[in-house]
Amino acid sequence: MIRRFGETPEPGRTYIRRVGAYALLPRGDALLLTCQADPDPDLQLPGGGIDPGESPITALHREVYEETGWLIAAPRRVGTFRRFTYMPEYDLWAEKICLIYSARPVRRLGPPTEPAHTALWMAADAAVEALGNAGDRHFAARHLRRLRDR
């Protein structure tokens, strides 16, 4: 069973399953995040949907670059969660299956190529409070606990 965060699915509503890959990108005690301005500002772990025929790792590299402008290395899967949500940019209700990876940010090539996204570094403890969904906050908190246990 995949752990669910957020809203309980509404009975009778049809949800489209959307699998995506998302990254915890640490540098010191900070995390590289993305802020998506449209339709409303939302602070997120960088990542997104896996295209048909694409592997999760390939999607992770592509999505992180599009949303942050950074290249990454050494991704390793650290967990999975799901959430049920409305996606206004696609006008659909989705069951999002979120594959969470930890990876090393290697180099910034430029600004994000994805419209309405801004990359920012934030202290991990602040990110735990500021991330826009409970699943992202959970994995950021787990990362922070590992940092403090060192």
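Tutor: In soluble globular proteins, nonpolar side chains tend to be buried together. A nonpolar core is a set of buried Ala, Val, Leu, Ile, Met, Phe, Trp, Tyr and Cys residues joined through side-chain atoms within 4.5 Å; buried means under 20% relative accessible area, exposed over 50%, partly exposed in between (1.4 Å probe, protein chains only). Here the largest such core has 20 residues, and L24, L31, L33, L45, I100 and L131 have the most contacts inside it. Two or more residues each come from β1 (16-24), β3 (30-36), β6 (70-87), β7 (92-108), α2 (124-130) and α3 (134-149), with α3 giving the most, four residues. Helices (H or I, at least four residues) and strands (E, at least two) are DSSP runs, numbered from the N terminus. A second, separate core of 12 residues includes L32, W70, I97 and L99.

Tutor: This is a predicted model: local features need pLDDT of at least 70, side-chain atom pairs count only at pLDDT 80 or more, and totals for chains, interfaces and linings use all residues. Residues are numbered from 1 along each chain as its sequence is written, and side-chain values use heavy atoms, with hydrogens and water left out.

Student: Is Q44 buried or exposed?

Tutor: Q44, in strand β4 (residues 42-44), counts as buried because its relative accessibility is 14%. Its side chain makes a polar contact with that of D42 (3.0 Å); such a contact is a pair of N or O atoms within 3.5 Å, and within protein one must be able to donate a hydrogen and the other to accept it, while residues adjacent in sequence count only if both atoms are side-chain atoms.
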